[in-house]
Amino acid sequence: MYSVATESLIKQAREIKEDELQKFYGRVFKQLHAKDLGGDTVDSLQRLRLILSATKYTREIPSDLVTKLQTILCSSSCPEQLHVLSCSILREIFLSVSSLSNLSHDNRTISYVASVVLSQAGKKEHVLPLCHHLLKSLESRLSEGQISKHALSILSRIISVYPDILTDDQVNLVSRKMVDWLRYASMQQGASVSSGGFFSAPRTRQPAPLTEVDGVVTGDFFTVLCVGQSYTDDQWMNMYTFSMIRNWLLTYDTDGTSNAETDDRSEVDSSVMSMVSATSSSSRLLPPKERLREKAFEYCQRLIEQSDRKALKKTDTELQKACIVEAVSIMDIICGEDPSYVYRAFPCIKALYGRLNGDLAYTRALLPIAQFYLNHSETAAVDSEVVFRQLFGHCPAEQFNEPMLAFEFTQFCLLNASTLQTRVTGYRQSFPNLLKFLAWNSPGLISEFVELLPSLLAPDTAIELLHTILDLPCLAAALDLQHRSACYQTSWDQQGAKVAACLDAFRQPSHRGLFLYILRPEAGTGDTIDRLKMLHEILADMAEIPRVVRCAQVIPVLLHVYFNTVTQMADQKLMNQLMLVLLERSSLLYNIKKFNAEVQRVFSTHLQTLCKLYPPLIVDQSRELLDFASSPSNIYSKEDFYTHVVWVIGEYLSVSYDPRCSVELITSFFESLEAVLFEITQVRQSASPPSFSPRLITVLMTTLAKLATRSQDLIPRASLFLSKMRLFARSAPVIACYSEEDTEEIITRAHELINLLKLPNVAQFVLAPAAGVDGPRWHRDTNTSLPQSMRTVSTLLQRHSSLLPT
């Protein structure tokens, strides 16, 4: 949210009148033509930028003002603040890119011009002049100090948007230049000018040699890990080249982008040429792109060697970590383009993994190493199981509280989900560990886990995964306690005393088994725990912790994804297990505000889906459903879910769905639901108003009527009970609680059902249709009696029909 002052400025900028705006344009134009472009000019340009950006639509400004802003943008004599403001203003308006292309611009302003051109360009042709200018500056031999340091970064942005903008010759040209900058940068520090004192002119110090991060003088070629007080232009170009080499290799591989040399060697086997490139002392004979690959590979190997040195500064240590990630990623790309490099790379990567494996500070560097193993271990016949066991087994458990690692780890899993499922045996078993990232960092990772969750589902772990998702808030609370316990902190927030009590429970040996299970690293130790209710009681005081609350908010989303996925793979056995989990866990959830109601709402939705896909579930789980439906206490704690359970009983407890559905089974359900409805609708003047909705009453009445039509001996009992619903609806407690519309709905439904039950055959057709009614062939079957049946039912259910009671 913006501050009040900022909101006021934005509102003024949006509501400025057109005549006032035109006067303001004229004033800015005059200020830009003044000799002294001072503070007033800067203020006016800042206001103009605000006016242009404050509205959703694009404003038009006078062409002469646009021309002047373009001139300032390309002028090397203007202050940089004016360059920045001109650039941001020109990006907010519609602009002809050709007008910028015709202006001359030097190396100082090229980045600003490029920013405007790329924001306005609609097709490749608009960027071609800028691209040609950059290539010309790279190709020409400029004097010292005139190399455009930004040319490569701008070119990298261009090819990211328009990868086909460069011709084969231009690709080879840039590849040659990149080879020179990568491999042949100078080995001396740049000249630094120092003061000679009061009585002498400034003097230039003699160039000093570069050093490694540990202070030793550099003995090999220059890389980004070489340390100096100042750097020469070719050393800067070395750094820029390394920063864009990965994007360049991904964009331009060896297919169809080579010169005549490539054509001459097209008949030579590529593997032979690769071996030559690996062993020949004269790699200059190679085509430009293969030579770039060779030098980039050597550069990355040198970076990995330099990363083993003990850095004197913390910033250099962080740079070493970043260089490891980039170097391994580049080597991975090179090995993908030319598999012969795999055999040269694996000894280096294996040694690097052995060095970083036990160091938590380098965990993020293990991800590109794991990617390398995933892509090339089969080619090199190397066992990668240990790498992934370490990655999935230890990293999430030990560094769940690192947000950047959590994001990168999740992205790694998303990128390689299909490969991980087939080639990494422990991937699907690792979901208890992976979900620790979500428990700690939700909702920041919810979109990633929505995509990732289907890849973690397997028939043998589906039930445990469901329990784990439901227990995710408990996991968040346990991780919070584990983190506090490790840091010896007990009062980080206002609930300090409550958290301290939970922390004491966390440290008690008697509760160790509960926390060990909830913090387990992998699946396979059981679906859930018998003492889950005890765990909820232990963690009760953590239910208001913000991290736990945020975690609970993402559970319904994950549950929808879970059920939508699992129903596509579920068999009869898994369907029955899911039904049992829904019934069990509907009353066994962590007591967080609104959490139980949201989860039960999801359960209700997918309970219907499960029964529709496999109606025999009602008979398979009849005992559990009967126990659940016959308990009135379930109404008060989970009314919505209870209502849906009653509905599916009435809908699918039929011999048309399952021949095992006996009269005795129907009668047992009828009697249980009749008893429940009788208990909650007892009319007593001293009774308290009902705490359940009228919808529950109507669903219970309808279900009783449905069951009665399937065992017609029950019809008299159902009709007698329904006839008493008017007395309930007109009782004082009900009138005090329900609206007139609600009570009228109950009475009307009871009357409709009574009249339907007077005609058992019609009632059975209306309330208990055959299983195939939802997919009929009435539009083709001339013998069907549906039109006549529907007319009969319509007559019966009309309010003013003579068949209805008065």
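Biologist: Which residues of helix α9 (residues 151–161) are buried, and what makes a residue count as buried?

Modeller: In this predicted model, the buried residues of α9 are Ala 151, Leu 152, Ile 154, Leu 155, Ser 156, Ile 158 and Ile 159. The word buried is used for a relative accessible area under 20%, so each residue in that list falls under that cut-off.

Biologist: And what covers the buried residues of α9?

Modeller: The cover includes four helices: α7 (110–120), α8 (124–139), α10 (168–183) and α11.

Biologist: I've got α21 and α22 on my screen. Why are they called roughly antiparallel?

Modeller: Start with the angle: the axes of α21 (residues 431–441) and α22 (residues 446–456) cross at roughly 170°. Angles over 145 degrees count as roughly antiparallel, and therefore the pair gets that label. Their axes also come within 11 Å.

Biologist: Which residues of α21 and α22 meet?

Modeller: From α21 you have Phe 431, Leu 434, Leu 435, Phe 437 and Leu 438, and they meet Ile 446, Phe 449 and Leu 456 in α22.

Biologist: How do you know what class those contact residues belong to?

Modeller: Phe, Leu and Ile count as nonpolar. So the contact of α21 with α22 comes out as eight nonpolar residues, no polar and no charged.

Biologist: Which residues line the largest cavity?

Modeller: Pro 432, Thr 468, Asp 471, Leu 472, Leu 475, Tyr 517, Ile 518, Leu 519 and Arg 520. α24 (472–487) and α26 (512–518) each supply at least two residues of that lining. By class, the cavity lining has six nonpolar residues, one polar and two charged.

Biologist: How much space lies in the largest pocket?

Modeller: About 830 Å³. It has 28 lining residues, and the closest to its centre are Val 325, Arg 364, Leu 367, Pro 368 and Glu 408.

Biologist: Which elements give two or more residues to the lining of that largest pocket?

Modeller: Those are α11 (233–251), α15 (314–337), α17 (363–376) and α19 (403–415). α15 gives the most, with eight residues.

Biologist: And how many nonpolar, polar and charged residues are in the lining of the largest pocket?

Modeller: There are 15 nonpolar, six polar and seven charged.

Conventions:
Residues numbered from 1 in each chain as written. Predicted model: local features only at pLDDT ≥ 70, side-chain atom pairs only at ≥ 80, totals over all residues. Heavy atoms only, no water. 1 Å grid on protein atoms, 1.4 Å probe; cavity = no way out; pocket = protein on both sides within 12 Å on 5 of 7 lines; lining within 4 Å. Points joined across faces, edges and corners; volume = space filled by probe spheres on them. Axes fitted to C-alpha atoms, helices over the stretch in contact; angles between N-to-C directions. Parallel < 35°, antiparallel > 145°, perpendicular 65-115°, else oblique. Contact = heavy atoms within 4.5 Å. Buried < 20%, exposed > 50% of the residue type's maximum accessible area, 1.4 Å probe, protein only.
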